[in-house]
Amino acid sequence: MTESDVVPTSPGTAEDRRAVGFWSAPCALVLISIDAAGRGWITDVNAACCELLDAPAARLVGRPFDELVDLPPGSAAVLATVASSGQPATVVARCTGSGGRRVRVELRAGVASGDGSAPYDVVIALEDRTDRMLAGDGPLPHSVRVLQDIVENSPALIYVKDLDGRFVYINEYFGSQFGVPPDGVVGKSDYFVFPPDIARAFSANDKLVRDTRRAHEFEEPAPGPHGAYRTVKFPLFDESGQLVAVAGISTEITDLKRAEAAARDARDEAERASRAKSELLSRMSHELRTPLNSILGFGQLLQLQPLGDDVRESVDRIISAASHLLALITDVLEQSRIEAGHLVLSPEPVHAVEPLMEAIELLRPLAGKCGVELSCDLHGGLYEFVVADYQRLKQILLNVLGNGIKYNREDGAVTVSFRRADDGLLRYLITDTGPGLDDADLDELFLPFERLAAAGSDTEGTGLGLALSKSLAEAMGGRIGVLRGTEGPGCTFYLDLPATDAPRDAHSVVFGGRGSPTFTVPSFAPTRILYIENDEANEELVRRVFALCPEVTLRIARTGSAGLSDAARDRPDVILLDLHLPDTPGEAVLVSLRADPRTRDVPVAVLSADATSAQIDRLTAMGVADYITKPVDVADLLRRVHALREPVDDHDTRKTGR
């Protein structure tokens, strides 16, 4: 578009001269006509307006004025008011150019004089206020224009306040978020926009920035549905270094706060669930292990007596059934310890064959009952050692071999062999002739309480054995799984553990073995034991156990208060303490014993059915010398109480076969 497109080549008439003057005016001008509905239509624009909006006149003329200019709230009828009243008006608005760039303009409207037949209703002068604010009287550099676009289109609140806390500038997003016109806020304080309590918080933060003359980050409240803002406020200085204003950038974090609140709720719920689980495990441990203490304890004492074959077989069956129940309870508690990260391991070089042979010997009665043959090929493992916790490794082998027996067919077999695996691991291979596993079962096989096809059978188990085995294997740096692709019935489990060099005494380990354990009654020096316990069965069991030791004098106190009185009066050599007493908790008794100078140095061993790791850790931290869990092993109880006494000559011991 050129000037000749609009301006007469020979402006001889007054009308022509007016057209030339309009077109060439340095201020952006728009002529509009107001229709009956009060809406303005563009009838002419000048060159400065075309330049401001980066569009030719032909594209602007004939358009509704409200499509070109966004009037602030409450100003939609300003042009019709000007046309009808003849009084000029000034407002601040936004214009959108052809490229989509938006500029802030000052709009001054007045009535235009016509020549009678076609008068113009309103003439509007547009002045780019942003350009003037940012770049003075000169042309706006490209970098400043880009910065202006960034600030105006940013989805954050951007604002500047003078030293009295009055707004000097707010960006478009600020105005849209709180429904205020940008120029309507300029010169006003926070109290004009926000409720008093929020305005006070903003003002206090502004003051901190002014006083310290440095930037600060805040989490600030916001009215209505906005919730909260994360704000950075910083000082602005002039060329002489004088503080002139405080600027701020605020980003809404309502969704983040909601997410944090949801995370806190989820954490609290998880903690409540964890506490409930711990309480359940603690109660289960106490309520189930307490009667097992009597069953196993008295059963072991019976095994020490001369019995007929039929009676001994009955006692052995009682012990076997109680031991199986104890193993199930232990599996549940062990899995909870692993999940809580409280599993304690004692890794050492272990002869690969030794725990396997112990497990096989323990499972031979079950294999015979089920009609399953147990066999092993020791060639690949006879001279191999692995880094493992001996008891945990035996526990894994018992679980896997036990499953191979229980879920086998009659006249089936379970075989074990060894071979070197990748990454310096030794592999146990346990193969059974059972019905096998579907591929769909393999993904769920090691999940806690998952029993797959066994869930509908009468086969004993909790579904924790393999889950526990997997956790234990991984805790020892190994892995466990099932080999896929086996043809026909049956399946093959593998257990990989880190291989290590043989120790110096490897020959005696390989060919000597650990041997069968022997029940040894230790030789005590004269020892006075105070047992604080109110359960009659537990009292009688401990009384009979220490009756095996003539050097031991046992005294029973049935309440916590009676135990404290007896301990202070007679000062025993060892105190055995139950935690569930009728008058006061065992923990309170422990605290009193430790606080009394007369009993402060007496070793206290807790004798409790609560075998949860949290309970053991707490009591150990409170100063107990040992924590013995029920059901007690007779030999273990004697050995551990003996260890609480000062060292004595142990050469004089009496051995009793079991």
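The model is predicted. The chain holds 23 helices and 25 strands. Of its 658 residues, 43% are buried.

**Whole chain**
- Take the contacts between residues at least 6 apart in sequence: 60% of them join residues at least 24 apart.

**Helix packing: what to read**
- Two packed helices are described by the angle between their axes and by the distance between the axes.

**H20 and H21**
- Helix H20 spans residues 560–570, and helix H21 spans residues 586–595.
- Their axes come within 10 Å and cross at roughly 20 degrees.
- Angles under 35 degrees count as roughly parallel, so H20 is roughly parallel to H21.
- The crossing of H20 past H21 is right-handed.
- From H20, the residues in contact are Gly560, Leu564 and Ala567. They meet Val589, Ser592 and Leu593 of H21.
- This contact of H20 with H21 has four nonpolar residues, two polar and no charged.

**H15 and H17**
- Helix H15 covers residues 390–406, and helix H17 covers residues 465–475.
- The H15 and H17 axes come within 9 Å, crossing at roughly 145 degrees.
- H15 and H17 make a left-handed crossing.
- H15 contributes Arg392, Gln395, Ile396, Asn399, Val400 and Asn403. H17 contributes Gly465, Leu466, Leu468, Ser469, Leu472 and Ala473.
- By class, the contact of H15 with H17 has six nonpolar, five polar and one charged residues.

Notes: Residues numbered from 1 in each chain as written. Predicted model: local features only at pLDDT ≥ 70, side-chain atom pairs only at ≥ 80, totals over all residues. Heavy atoms only, no water. Helix = DSSP H or I, 4+ residues; strand = E, 2+ residues; numbered from the N terminus. Buried < 20%, exposed > 50% of the residue type's maximum accessible area, 1.4 Å probe, protein only. Contact = heavy atoms within 4.5 Å. Axes fitted to C-alpha atoms, helices over the stretch in contact; angles between N-to-C directions. Parallel < 35°, antiparallel > 145°, perpendicular 65-115°, else oblique. Left-handed = near helix turned anticlockwise from the far one by under 90°. Nonpolar A, V, L, I, M, F, W, Y, C, P; charged D, E, K, R; others polar.
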